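Let's take a walk through this protein together, from the inside out. Have the sequence and the 3D view ready, and follow along.

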Amino acid sequence: MASEVNRSAILSGLAQTVSALPEAMALGRSLAGEVDRIYFVAHGSANRAMQGMQYWIEHFSPSLEVRRYFPSELMAQDPPRLDERTLVLLASKSGTTPETVAAAEYLRGKPCRTVGFTLKGDSPLAGLAQKGFLAGDTGESFVALFMLMQAVVGGLLAERDGWPHADELLSSLSALPGVIADAAAGNDARARADAQAYQHDHNLYHVASGPGFTPAYVFGVCILMEMLWLHSYPIEAAEFFHGPFEIVDGDTPLILILGEDPSRPLMERVLRFCNKHARRLMIYDSRDYEMEGIAPAIRPIVAPYVLQAALKRLSEHLSDLRGQPLSTRRYMWKTEY
């Protein structure tokens, strides 16, 4: 049986991250006049956290250029704008991801500024970046790395573009550990029921828009595909009606993820269609979560992480019912690839 949500473990595990938030935001402020572009570099869930931050920079900033890369793509493309006005954020949970470490080494030969985000200071990535932030020993690394990177980005936006919500961001990020613990615990009964209903499905589709694509991808690919070997495919709402909607019928299992950002109308259109043509829907709407301590202006930014915490409970119950631990891998760390 899936273990109960351990609120105290979540809070204590993220305490080091919370304590580092003011320094992270101060770094962003200090760099605001010195950089013109931000490049995000990571694999896996960290890359998808960066996707949400890229969305918000593009939404809020009239002056910053932003791009996101997988580390191997960055090195293969070798973009010429990695100059002294470029800030590169690199992230890896372990700090040992081979491609991310290689990218950090590659960047040491460039004039750009680098900041690394990982859990522990004895990892290769921590020693290669010019500046590093450590999340510490936490089982919520996805949230921890987001919190630190978002604080840096918030400081940049505030100092460079006059974004008025930096203080609210800082207090909201500090409250986020408790909010994700509440979301996980509050969704447990529903997650157990959904897991029972979908435990024999081998295909699942996740539809989301804007920053909501972060949990759609992380839950669908980094957990269900990687850990439970399900055929789990995330779909962007903006593309849903350009091919993917043709697979929808009464038997298609769909997870619809709705946030509170400007892209929400795209998902509301998907929801209207699916309510007409599909029967097997799991609807995850961030508006259903209280998010105590989160400022109204910051709810859209942290909503994907609240929904991910709720969805994570579903994966834990699916793991239990399918008899496959989430630590299971077929190839990762076991063979050359």
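Predicted model: local features only at pLDDT ≥ 70, side-chain atom pairs only at ≥ 80, totals over all residues.

Residues are numbered from 1 along each chain as its sequence is written, and side-chain values use heavy atoms, with hydrogens and water left out.

Now for the core. Residues are called buried under 20% relative accessible area, exposed over 50%, and partly exposed in between (1.4 Å probe, protein chains only). A nonpolar core is a set of buried Ala, Val, Leu, Ile, Met, Phe, Trp, Tyr and Cys residues joined through side-chain atoms within 4.5 Å. Here the largest one has 89 residues, and F40, F117, F146 and L176 have the most contacts inside it. Helix 7, residues 141–161, gives the most to this core, with 14 residues. (Helices are DSSP runs of H or I with at least four residues, strands are runs of E with at least two, and both are numbered from the N terminus.) Zoom in on F117: setting aside neighbours within four places in sequence, its contacts (heavy atoms within 4.5 Å) include L89, L125, F133, L145 and V152.

On a 1 Å grid over the protein atoms alone, a cavity is a set of points where a 1.4 Å probe fits but cannot get out; a pocket is an open set with protein on both sides within 12 Å along at least five of seven lines; and lining residues have an atom within 4 Å of a point. Grid points are joined across faces, edges and corners, and a volume is the space filled by probe spheres set on the points.

How many cavities of 30 Å³ or more are there? The count comes to 1. The largest cavity holds about 50 Å³ of space, and its lining includes W56, F146, Q150 and Y305. Helix 3 (44–60), helix 7 and helix 13 each supply at least two lining residues, and helix 3 gives the most, with 4. That lining splits into 8 nonpolar, 3 polar and no charged residues.

The second largest pocket has about 240 Å³ of space. Among the residues lining this pocket are W229, H231, R329, R330 and Y337. They belong to a lining of 6 nonpolar, 1 polar and 3 charged residues.

Most residues other than glycine have a negative phi, and most peptide bonds are trans. D78 is not a glycine, yet has a positive phi of about 50°. You'll find D78 in the loop between helix 4 (71–77) and strand 3 (86–91). Because its relative accessible area is 37%, D78 counts as partly exposed. W333, also not a glycine, has a positive phi of about 65° and sits in the segment after helix 13 (299–322). Is W333 buried or exposed? With a relative accessible area of 66%, W333 is exposed.

Notes: Nonpolar A, V, L, I, M, F, W, Y, C, P; charged D, E, K, R; others polar.
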